[in-house]
Each structure stands twice: as C-alpha cells, then as structure tokens.
Amino acid sequence: MHNSEFSNPHVARNYAPLPVMLTRGEGAYLWDVAGRRYIDMMSAYSAVSLGHAHPRILAKLAEQAQRLAVPSRAFFDDRLGPFLEELCKVTGLDVALPMNSGAEAVETAIKAARRWGNHVKGIDSPDIVVADNNFHGRTTTIISFSSQSQYRDGFGPFTPGFRSAPFGDLAAFEAAVTPNTAAILVEPIQGEAGVIVPPDGWLAGLRRLCDKRGILLLLDEVQSGLGRSGTWFAFQHENVVPDGVMLGKALGGGVLPVSAFVAKRDVMNVFTPGSHGSTFGGNTLAAAVGLEALRVIRDERLVERSQALGARMLQRLHGMRAPGLADVRGRGLWAGVELDPRYASARDICEGLIDRGVLTTATHDTVVRLAPPFVISQDDLDLALDAVAETISSFDAPRNVRDAAAGADRRLKT
Ligand code: PLP
C-alpha cells in the first residue's frame, strides 16, 4: 500500500498512525485489508488485554445490546449493581463510580480529592501532588499537570492546584506535600513515560506518607491494572491499599470504553446526586460487558498468564544484545524497550516490525512498548520477540555512519 492511500483529509491529524490498514482482529492477531496477518504486541494500549473479539465478550455484547443498552442513570437497571459490586470485590475497595474513558475516571478522582479536601479536611483550595512525566489523559485539567510540552503546547490557560515531584523519589514527595494537600495521585508504573517501574518500597512509602499526613493515596491503574503488571493491580506488588483507584482500558473487554473510579466509602461519599455524572457512564451495556470482562480475567486465569508469559518476555528481552538497545524495563506482560537514538528511533523499529508481521507502537521517540494480549500463545510471543531482536539488530550502525555509507553508495551508482 502506498503512503498516500493512508491519508484522508477528513481525518483529524491528532495521531500519526503507522502505515498499516487494519480490518479484522481475533485473539492476538490483526489482519490488514490485503489479508496479511500480524501478531498484536500492544493490545490497543492495553484496552484489548483480553484479546480481540473474545467470544464471551462478543456474546455478552450482542445479548445485552438486544435487551437494553442505554436507559440512562435516571433509572435503576439490573446490570450496574452486579458490575460495581464485582469491581469493589476485585479491588478490595467499597464504592465504584462508572465513567467511560480513562481520563474521565481520573477527572472523577481529582474532583473527589478536591471535594474531600474541602469538605472533610476544611482546605479552602486543596492541591494534589503528582509525579513528573505522568500520563493521566488529555483533558484540559489533566494536561495542566503534565510535564510534557507536546500535551500542553498552546492549550493553556491551565488548571491550578497541582504540585509535581520526581517519580519514585519518596523524599521529594514528602517535601511536596503541604498543609493544603488533599491527595497524592500517581501511576504505580508509568506507562506512557516508557514503562517506568519505581524502586521497590516507593508505593509502600507513599502509603505511609499519606497516612502520616492524613491525605489520600489515589492510584491511576488505567493501564497497569487488570493484570497487565502480572497481578490484578500494580499496588498488590507492595501490598498497598490505596484510598482510590482509577480503572479503564481492559475493563471494556476490548469492545467498549468503560472506566471507573473505585474508592473507600468516606472518599466516595463526597459525591451527592447531581455533583458528578456522565450520560453514558455506567450504561447497561457497558456494565454487562465490564462484568463479563472481569469474569473472563478470573475464569481464564489471565492474570496468572500475564505473570508467566511476562516473566518469559522480560527474561528474553534482558538477554538481547544489540548496539542500538539501551535498556529494557517492565513488569508482567508489559515492557518498554529503550533504544539508543543514535542507531534508530522507536518508530524505525515499529516500521521494521510491520515488515516482519508484528504490530506495536512507540512511546516517545525512543521507547518501543510491548504489551500483547494475555491470550497470546507462547509460540507467537516467541516469534514476535525474535522479530523484535532481528529488527533492533538490523540497525547495527549509528545513523550518521549509515547515512554516510548510503551517500557513498549513491555516488558510486551515479
Ligand atoms: N491514565 C493512564 C495511566 C493512561 O495510560 C491513560 C491512557 O493511556 C489514561 C489515563 C487515559 O485514558 P483514556 O485514553 O481512555 O482517556
């Protein structure tokens, strides 16, 4: 397919997709319009952790869509309660508020923290401490505390009330907390920053800090949650119980946007009828699919699978040697492969992987993300990792050396 065939002037350019035109997905496979099959190594940013077209999810989607889909939250329905009850059970928390996108779940957590700070702690203008290089979504308030200029440039004025400290640095977080602080809000593992795993003990340290200062610990598990890091939630790696957690992505079973803020009762109690909501948030169809997604993860032991396959993936990645490979990080079935930019960009590698039948994306210029659906077979995982190793190794000389050699080659031919 020629590059010009991908461009459509009616599609807003807020993404720069890789040159592949997809039309079908099943399990850990995707097919392009020419019928070529690829191994999916990114699961739509973990939204498709259960695999594409999961039969149980599709059956539930069809059955529920034919019965009742969107009656609105103006009425009770028979699916929302069981879904949120199950969410509380798996998180160990008390009350859940359903939304649609991950960013909306984060907005909900921010509103809860502010109102809790105001109503419960009596702070006039509560602030929230966040981590440098965070990614929590793209709303105007959320980008207000991003440290990435690409998410902020030209979108000001920004929402005040956030203080930032280096991810993984407990002393810096301690110093950032003021008498006006209501909460600490972080990703337990930073996904979009390049799959950054904090030092052991950091989350537990944040929990102690929050207890000492009487503030909330809110964890954004939109990407790290529901098995991606090898446990149901990344906070379980340190036996930490947060005051609230944000979930999304895989919660929709790979077919719908379903998100939630789940919290302890005294936190969620700050919401009163009318103070927060969403037309589609917690609709009957989303609730039925969300509940089925949680049941599929449990019944198919997908968390255990993520843990076992992830250990294999990380062991293989750590064993890779190539001049252009700078670092490998990860936890569970989730890795960031950092490249030496002198050799190749992450996009170069992703484009090279397309030719080898593997799809994934870059996060920033230098990190290739690997986060396949949990249902991927061990053989396909191995094939995909072979392709990753081959592609990175194919960039065996620094770009300037390659460019000079290509120039000399052209001169010889003319
Ligand atoms: N929080 C985290 C940790 C994320 O990784 C993302 C998306 O990548 C979001 C929030 C935003 O989710 P959404 O794109 O569904 O709004």
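This is a predicted model: local features need pLDDT of at least 70, side-chain atom pairs count only at pLDDT 80 or more; totals for chains, interfaces and linings use all residues.
## The ligand and its surroundings

Polar contacts are pairs of N or O atoms within 3.5 Å. A polar side-chain atom of Asp220 lies 2.6 Å from a nitrogen atom of the ligand, while a backbone N or O atom of Gly102 is 2.8 Å from a ligand oxygen atom. On its own the ligand has 390 Å² of accessible area (Shrake-Rupley method, 1.4 Å probe), and the protein covers 81% of that 390 Å².

The axes of helix H2 (residues 55-67) and helix H10 (residues 284-299) come within 9 Å and cross at roughly 155 degrees, with axes fitted to C-alpha atoms over the stretch in contact and angles running from 0 to 180 degrees between N-to-C directions. H2 is therefore roughly antiparallel to H10, a term used for angles over 145 degrees. Helices here are DSSP runs (H or I, at least four residues), numbered from the N terminus.

Residues are numbered from 1 along each chain as its sequence is written, and side-chain values use heavy atoms, leaving out hydrogens and water. Local features need pLDDT of at least 70 and side-chain atom pairs count only at pLDDT 80 or more, whereas totals for chains, interfaces and linings use all residues.

Key: A polar contact is a pair of N or O atoms within 3.5 Å; within protein, one must be able to donate a hydrogen and the other to accept it, and residues adjacent in sequence count only if both atoms are side-chain atoms. Helices (H or I, at least four residues) and strands (E, at least two) are DSSP runs, numbered from the N terminus. Angles under 35 degrees count as roughly parallel, over 145 as roughly antiparallel, 65 to 115 as roughly perpendicular and the rest as oblique.
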